[in-house]
Amino acid sequence: MGSTEILEKEASESLSNGTSSNIEAAKRLAKRLYQLDRFKRSDVAKHLGKNNEFSKLVAEEYLKFFDFTGMTLDQSLRYFFKAFSLVGETQERERVLVHFSNRYFYCNPDTIASQDGVHCLTCAMMLLNTDLHGHNIGKKMTCQEFIANLQGVDEGGDFSKDLLKALYNSIKNEKLEWAVDDEEKKKSVSEGTDEKANGTHPKTISRIGSTTNPFLDIPHDPNAAVYKSGFLARKIHADMDGKKTPRGKRGWKTFYAVLKGTVLYLQKDEYKPEKALSEEDLKNAVSVHHALASQATDYEKKPNVLKLKTADWRVLLFQAQSPEEMQGWINKINCVAAVFSAPPFPAAIGSQKKFSRPLLPATTTKLSQEEQLKSHETKLRQITTELAEHRSYPPDKKLKAKEVDEYKLKDHYLEFEKTRYEMYVRLLKEGGLELLSGGSGGPAGLKKSHSSPSLNPDTSPVTAKVKRNVSERKDHRPGTPSIKQKVT
């Protein structure tokens, strides 16, 4: 019996037996979770973060195994994270942090004024961790900014500046990390992870491209729908955060592409049901959550080229075999992004003082299509208003070049986001999921796959020989004034 079935069985049994039995069952399950008795580290957060009374009881009992008395908040959080992996849905992770905050306050009632204050600082450290150690455009948050953005949030008062300075320096000097299962330790962080079946054969990939922030891990669903497939030639135009791709890594390469769920898999060979994804496949995979695909009108060296800008601001060029194929890929990618991209998190603390992109979670949205459309429309209104306000106060010519660059960077970001959300809103108004179930020549073409599909294309791969365009030598970092990121 798997760990999930064990939990559900114990939960259902205990909930039918009254309060006393619930507590005893919660104690037993909490002990097994703490001792990792038939559970993995990646199971713990899911079981502590469910939104029901039994899960809350389990979490309370689990946290009793941790004594934070006399420890600082950052020390306690690091100690807590050594026991399990902070994985699962966003809401589940936040509930785990609430349970941690309650336990810390119980152990140290005189250190911080309230449980809410502890939770506020805990979330602040998580966001600071992303700002200082994650992939983010712009300067890193300073200690002064960290302190300024926490003014007035401690029961209407201020946290001790010495406390905030200590927390800031702790995160700056050593990033927050959580435990991973033993089999995951064998994998390079940049190469993705495999979950092993019986410890030998890779069966299911739980996430791709793990980052310093668990909310940004790319989920791999082996049972996801396949929306489009075929040969594409790829050229990496800009790396993460729009940084210029080194010359030796910019060449065209041909792949068999499969848009499965929210991930575009790029393989040297076509998919086969019995073949597991290799590490190379995972490194080439591209998540299309919060992405935007468009015709590469500013690239004239090859025909039928589309440009894909990802959530982490990579820019990739793909050449299709015909104008119709190119448009089909553009429509499918944008439709998947519009339908399934989860609402963004707020930018890291300090975003009120300086420009900082919000976090774009890779998890699939839980909103209905109607709610998703309203969410996109709200973001479009916010972005449009912010862009208008931003442009109404152009930088003074006397400002330093660095400040002018940051103004241009934010302007480019807001313009791109406005275009992206306009596309999402239009696609959802045109049907969203219904478009994905349309014909293969249009914006969709839905095929349900319960395993990796076997696809036999009757066309040959796109030719890959090309002389490097002069425009490709430009720096594609979004803040560079000479770059014109055309999106149509």
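Val-263 stands opposite Ser-287 of strand β7, and that contact is a handy way into this predicted model.

- β6 covers residues 263-267 and is mostly covered, with five of its five residues buried.
- Side chains in a regular strand alternate between the two faces of the sheet.
- Here, Val-263, Tyr-265 and Gln-267 point one way, while Leu-264 and Leu-266 point the other way, and all are buried.
- On one side of the pairing story is β5 (residues 253-260), which runs antiparallel to β6 and is joined to β6 by five bridges.
- Within that pairing, Ala-257 has Leu-266 of β6 as its bridge partner.
- The β5 and β6 hairpin has two residues between its strands, and Gly-261 there takes a positive phi near 65°.
- β6 also pairs with β7 (residues 286-287), again in the antiparallel sense, over two bridges.

**Aromatic rings**

- Searching the whole structure turns up 23 aromatic pairs.
- Take Phe-66 and Tyr-79: their ring centres are 5.5 Å apart and their planes sit at 70°, so this pair counts as edge-to-face.
- That pair links distant parts of the chain, 13 residues apart: Phe-66 lies in the loop between α4 (53-63) and α5 (73-81), and Tyr-79 lies in helix α5.
- Is Phe-66 buried or exposed? Phe-66 counts as buried because its relative accessibility is 1%, and buried means under 20%.
- Tyr-79, at 32% relative accessibility, counts as partly exposed.
- Both rings belong to one aromatic cluster, whose members also include Tyr-34, Tyr-62, Phe-65, Phe-100, Tyr-104 and Trp-178.

**Charges over rings**

- Lys-302 has its charged end over the ring of Trp-252, 5.1 Å from the ring centre.
- For Arg-420, the charged end sits over the ring of Tyr-421, at 4.5 Å from its centre.

**Cysteines**

- How many disulfides does the structure hold? The count is zero.
- Cys-123 is in no disulfide, and the nearest cysteine sulfur, that of Cys-120, is 7.2 Å away.
- Cys-123 counts as partly exposed at 24% relative accessibility, whereas Cys-107 is buried, with a relative accessible area of 10%.

Definitions and conventions: Residues are numbered from 1 along each chain as its sequence is written. This is a predicted model: local features need pLDDT of at least 70, side-chain atom pairs count only at pLDDT 80 or more; totals for chains, interfaces and linings use all residues. Side-chain values use heavy atoms; hydrogens and water are left out. Buried means under 20% relative accessible area, exposed over 50%, partly exposed in between (1.4 Å probe, protein chains only). Helices (H or I, at least four residues) and strands (E, at least two) are DSSP runs, numbered from the N terminus. Two strands pair if DSSP finds at least two bridges between them. Rings of Phe, Tyr and Trp (its six-membered ring) pair if their centres lie within 6.5 Å; planes under 30 degrees apart count as stacked, over 60 as edge-to-face and the rest as tilted. A charge sits over a ring if NZ of Lys or CZ of Arg is within 6 Å of the ring centre and within 35 degrees of the ring normal. A disulfide is a pair of cysteine sulfur atoms within 2.5 Å.
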